[in-house]
Amino acid sequence: MVLSDRSIKEQMMAGRIRIEPCDPDDIQPSSVDLHLGPRFQVFRNSRYPYIDPARKQDGLMELVEATAESPFVLHPGEFVLGTTVERIVLPDDIVARLEGKSSLGRLGLLIHSTAGYVDPGWDGRLTLELSNVANLPILLMPGMAIGQISFLQMTTPVDRPYGTPGLGSKYQGQSDVTPSRSYENF
C-alpha cells in the first residue's frame, strides 16, 4: 500500500524513513517533493567513439556545476545526470518510487529513464536521468522542485536489503551525481 502524508510523517518521526533535509511543506498527500542539486554529469562526445557498458570509460562524462545565476540548460534531445539535494534512507520493509513533477513533465522534462525504483535499505542521494523531449531548451535551477518520492509498505521485511555485502549494490551511500557503473556487472 502507498503511504499517506500522515503515515509518511509517522515513519519519519520514528526515524524509519529519513529525508535530509526535508521541509514539512514538501510533504504532499502521498509523496514528498525532492529538489535538484547543482551538479550534473554530461557526456563528452569527443572522448570515445561509442559507449561500452562492459568497460570503465574514464572521462566519458564531465562534471558541470550550475548556480542560480547560471542555471543548467538542457537542450532538446539531450540526456544528462543530476542528483537530488535530499538524502533518502529507507528501512528494510519500505520501497520507494521516484516520479517527475507533472508541471515539468508537461514542459517535456523527464527525470528518470529506468531508475525510478528505490530499494529497501537504500541510503544516499538519488541520481536523476534527465531528458528533454521538448523542442526548446529547458532551464534547470539548483534547488527547484524536480520530482516526488512515494513510499510503499512491503508485506514483510526483505531478507537482503540494498547494500547487503555480496548483493552488488553499486550505488549505496552515493552523495553526488554518480555515472553508470554497469562495467561492474561484466
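**View 1. Leu98 and Ile149 face each other across two strands.** In this predicted model, Leu98 has Ile149 of β12 as its bridge partner. The pair belongs to a longer run of pairing. Strand β7 covers residues 94-100, and strand β12 covers residues 145-153. Seven bridges link these two strands, and the pairing is antiparallel. Strands of a sheet pair through backbone hydrogen bonds, either parallel or antiparallel.

**View 2. Four strands make an open sheet.** Now take in the strands around that pair. The order across the sheet is β2-β12-β7-β9. The pairing is antiparallel. The edges are β2 (32-35) and β9 (117-118). Each edge strand pairs on one side only.

View 3. Strand β10 spans residues 123-132. Strand β6, residues 79-89, pairs with β10 over eight bridges. These two strands are antiparallel. To find one of the links, look for Val80: its bridge partner in β10 is Leu130. Strand β8 covers residues 109-110 and is joined to β10 by two bridges. Again the strands run antiparallel. Here Leu110 has Ser131 of β10 as its bridge partner. Strand β10 is largely enclosed by the rest of the structure, because eight of its 10 residues are buried.

**View 4. Thr127 is a buried residue of β10.** Thr127 lies in strand β10. Its relative accessible area is 15%. Buried means under 20%, so Thr127 counts as buried. Two polar contacts of its side chain can be picked out. One goes to the side chain of Gln174, at 3.1 Å. The other reaches the backbone nitrogen of Thr178, at 3.3 Å. Which residues does Thr127 touch, leaving aside its neighbours within four places in sequence? The contacts are Leu81, Gly82, Thr83, Gln174, Asp176, Val177 and Thr178.

**View 5. Three nonpolar residues form a patch on the surface.** The patch consists of Val73, Leu139 and Met141. Together they have about 220 Å² of accessible area. Find Leu139 in strand β11, which covers residues 138-140. Is Leu139 buried, exposed or partly exposed? Its relative accessible area is 46%.

Notes:
Residues numbered from 1 in each chain as written. Predicted model: local features only at pLDDT ≥ 70, side-chain atom pairs only at ≥ 80, totals over all residues. Heavy atoms only, no water. Patch = residues over 30% accessible without salt bridge, like charges linked within 9 Å, V, L, I, M, F, W, Y side chains within 5 Å. Areas by Shrake-Rupley, 256 points an atom, 1.4 Å probe, with all protein chains shown as cover. Salt bridge = Lys/Arg side-chain N within 4 Å of Asp/Glu carboxyl O. Buried < 20%, exposed > 50% of the residue type's maximum accessible area, 1.4 Å probe, protein only. Pairing = 2+ DSSP bridges. Polar contact = N/O pair within 3.5 Å; in protein donor to acceptor, adjacent residues only side chain to side chain. Contact = heavy atoms within 4.5 Å.
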